[in-house]
Amino acid sequence: MSSQVGAGPKVAEPLARSTSGVLSWENDPGVPPTTRRPILRPEPELGRTPLPVGIRGPQLPDGGQPGTVEFRYWNLAEVLRRTADFWGPLLAPGTKWQSQVGPALLATLDAGDNLNAFYDREGVSFWHHTTNGITVYSGESPDVVAHEVGHAVLDAIRPQLWSVASAETDGFHESFGDISAILTHLTLPTMRTAVIAETSGRVSGSSQVSRLAEQMAWAIRQRRPASVEADCMRNAANNFFYQNPLTLPTEAPAAALSRESHSFSRVFTGAFFRALGGIFQDQDSQGPDALLEAARIAGQLLVAAVTTAPIVPAYYAQLAAHLIAEDRVAHDGRYGNSLRRAFIRHGILSPREAAGLEEGDLDGRSVGLFGDAEEPELTAHSVDGAEFGLDRPLSFILPANRTRFAVAGAAPEAGSADASPPDLVGNSYVEDLFRRDQVATPAQEHTEGPHPRHYTHKIIENGDEFRLERRLFACGARV
Ligand SMILES: [Zn+2]
């Protein structure tokens, strides 16, 4: 196994470091052979609260240069901390990782041969894979690391999303991961300056921060050229327009939208990134400090929306309505125009819905999770297992909270769409999982081959029926 090949600069001179810092990439090593240079960052204090993090196994010495395992170790440590430090202050005091994760979110630096990265409720894991003689380590990309930690943050504040049978909630989990990467990396002064320069101040345009996971996309492109975008895995500066996922194909090339979660995530990410650009323009000045402020405002609004929005089939529209509602409460509606414009532009709200939210639907409502009442349990739904080759009924969780705002996105022709019923959304989602071979049977759970198949879901025996549960979020390619 080659461990020294990779994205390190070809220059031989050591990069400067001091005893008080570590080297890490800004947001990605870049397409090999990279011309990027790591930056010096404060030595991370991994166990700090809120959101303590850690790396499994012995601590490696710092001071490593790109291309060494010591560099990858401290690069990972720094990005874990960087991401937790972005989200921590935005969460309710005392917020902890999802209870099965334990007190600290632990990362595995290199779990073996796979072009992938995972969040499960044991932690986050990163892998390596050699393509055309070049080894790519998913844990070396800050975009990938901050994305995985994003899954964990969302699971900490909205654990109900974990096992919901819905393409749209899964799409949002992936979107939150990408948003986590974008907002986290904007805490770097060098990144903010670079993005403002690259976009001439129109920061919702394509830039180094909007182009996610360039290096991993390069590796995937060598094998499946159509499955990632031309210059990155996903670009937050996009024009994808919302469609009801039931009307979309199960999978599609990267240039088109499908209801596969990573593909469909781009609609919400695109709208949110456009809104971020608007919030930046709404600041009193448009320098690097204002961009940091915009990132924090956008992140805070998103956290509030996630914790209040009901889990329903048209989930993106509910999130958008709750972002607008939270802006009213927190900022007296200062960013309402920017938010509405962005969500209309991407079809997540219809113009009529957005106007309705403005004119009074929100008046008199307090933004809080179901008022004083406990959030109702999401409903389990049982279908004939024979549809999926099973000899027992299969039960799974439907996206069936009570809707708070009557919004469901734009219709393709004009006006507003109707949301699909939760059982139809659930059935379609589960069928897609089987079509994509993402469900492990009880036997498969224990027999993984030399190239491990990491099923996202599993079925477990539950009395006279089977129950569908998530195992993990997988974020790369199957190789
Ligand atoms: Zn993901």
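**Exercise 1. A strand and its partner**

Task: Which residues of strand S1 (residues 21-24) point one way, which point the other way, and are they buried or exposed?

Solution. Step 1: Gly21 and Leu23 point one way from strand S1, while Val22 and Ser24 point the other way. This is a predicted model, in which local features need pLDDT of at least 70 and side-chain atom pairs count only at pLDDT 80 or more, while totals for chains, interfaces and linings use all residues. Residues are numbered from 1 along each chain as its sequence is written, and side-chain values use heavy atoms, with hydrogens and water left out.

Step 1: Buried means under 20% relative accessible area, exposed over 50%, and partly exposed in between (1.4 Å probe, protein chains only). Strands (E, at least two residues) and helices (H or I, at least four) are DSSP runs, numbered from the N terminus.

Step 2: Now look for the partner. S1 runs antiparallel to strand S2 (residues 39-42), and 4 bridges join them; two strands pair if DSSP finds at least two bridges between them. Leu23 stands opposite Leu40 in S2.

**Exercise 2. The zinc site**

Task: Find the protein donors of the zinc ion and explain why their arrangement is tetrahedral.

Solution. Step 1: List the donors, which are N, O and S atoms within 2.8 Å of the metal (3.2 Å for Na, K and Ca); water is not among the atoms, so sites may look incomplete. Here they are His147 (NE2), His151 (NE2), Glu174 (OE) and Cys475 (SG), 2.0 to 2.1 Å from the zinc ion.

Step 1: His147 is buried because its relative accessibility is 4%, and Glu174 is buried at 1%.

Step 2: Check the angles. The 4 donor atoms subtend angles of 92 to 132° around the zinc ion, so the arrangement is tetrahedral. Four donors count as tetrahedral if all angles lie between 85 and 135 degrees.

**Exercise 3. The surroundings of Arg470**

Task: Which side chain makes a polar contact of 2.7 Å with that of Arg470?

Solution. Step 1: Locate Arg470 in strand S15 (residues 465-470). Arg470 is buried because its relative accessible area is 5%.

Step 1: The partner is Asp170. A polar contact is a pair of N or O atoms within 3.5 Å; within protein, one must be able to donate a hydrogen and the other to accept it, and residues adjacent in sequence count only if both atoms are side-chain atoms.

Step 2: Look also at the backbone: the oxygen of Leu472 lies 3.0 Å from a polar atom of the Arg470 side chain.

**Exercise 4. Two aromatic rings**

Task: How are the rings of Phe172 and Phe268 arranged?

Solution. Step 1: Rings of Phe, Tyr and Trp (its six-membered ring) pair if their centres lie within 6.5 Å; planes under 30 degrees apart count as stacked, over 60 as edge-to-face and the rest as tilted. The structure holds 16 such pairs.

Step 1: Phe172 and Phe268 are edge-to-face, with 5.1 Å centre to centre and 85° between the planes.

Step 2: Phe172 lies in helix H3 and Phe268 in helix H6 (residues 261-281), so the pair ties together parts 96 residues apart in sequence. Phe172 is buried at 0% relative accessibility.

Methods:
Four donors count as tetrahedral if all angles lie between 85 and 135 degrees; four count as square planar and six as octahedral if opposite donors are over 155 degrees apart and all others between 65 and 115; anything else is irregular.
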